[in-house]
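Thanks for coming. Please have a look at the structure first.

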Amino acid sequence: MEIKLITLNEVTSDIQSQLTELYKQLNADLTQLDIASALSDYNTTEAVICMDEDKLVGIAMMAKYKVVSGHKGMIEDVVVSFDY
């Protein structure tokens, strides 16, 4: 298994498709944005993925923002496949 920060340039249609299925485990009724949009908008989101060979088995996202006291982040959407 490999856990890594994914960049916008590494997003493929296969990863997006697997991510769509993975998020259904979090909330099947959720209307999802595509990960490329989330990563490209104002550089305010980071995503860490866990791959088991070519299979996406987990993701965690962090929303980044600035306030007077400095840089902050909030962990969002942590999803791990039921199989793992």
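**Ile-75 and the sheet around it**

Ile-75 sits in strand β4; strands here are DSSP runs of E with at least two residues, helices are runs of H or I with at least four, and both are numbered from the N terminus. Before going on, the basis: this is a predicted model, where local features need pLDDT of at least 70, side-chain atom pairs count only at pLDDT 80 or more, and totals for chains, interfaces and linings use all residues. Residues are numbered from 1 along each chain as its sequence is written, and side-chain values use heavy atoms, with hydrogens and water left out.

Is Ile-75 buried or exposed? Ile-75 is exposed, because its relative accessible area is 57%; buried means under 20%, exposed over 50%, and partly exposed in between, with a 1.4 Å probe and protein chains only. Ile-75 belongs to a nonpolar surface patch of about 550 Å², together with Met-1, Val-78, Val-80 and Tyr-84. Patch residues have over 30% relative accessible area and no salt bridge, and nonpolar side chains (Val, Leu, Ile, Met, Phe, Trp, Tyr) are joined within 5 Å. The areas come from the Shrake-Rupley method with a 1.4 Å probe, and a salt bridge puts a side-chain nitrogen of Lys or Arg within 4 Å of a carboxyl oxygen of Asp or Glu.

Now the sheet. It is open, with four strands in the order β1-β2-β3-β4 and antiparallel pairing; pairing requires at least two DSSP bridges between two strands. β1 (2–6) and β4 (70–80) are at the edges with a single partner strand each, so one side of each has no neighbour in the sheet. From one strand to the next, the twist averages 20°.

Helix α1 (residues 13–26) packs on this sheet and touches β1, β3 and β4, its direction making about 85° with that of β3. Axes are lines fitted to C-alpha atoms, for helices over the stretch in contact, and angles run from 0 to 180 degrees between N-to-C directions.

β2 (residues 45–52) and β3 (residues 55–67) are joined by eight bridges. Thr-45 has Ala-63 of β3 as its bridge partner, and Ala-63 also stands opposite Met-74 in β4. In the β2 and β3 hairpin, with two residues between the strands, Glu-53 has a positive phi near 60°. β3 and β4 pair over nine bridges.

Last, Ser-81, in the segment after β4. Ser-81 is buried, because its relative accessible area is 7%. Beyond neighbours within four places in sequence, Ser-81 contacts Leu-22, Gln-25 and Val-57, contact meaning heavy atoms within 4.5 Å.

Terms used: Patch = residues over 30% accessible without salt bridge, like charges linked within 9 Å, V, L, I, M, F, W, Y side chains within 5 Å.
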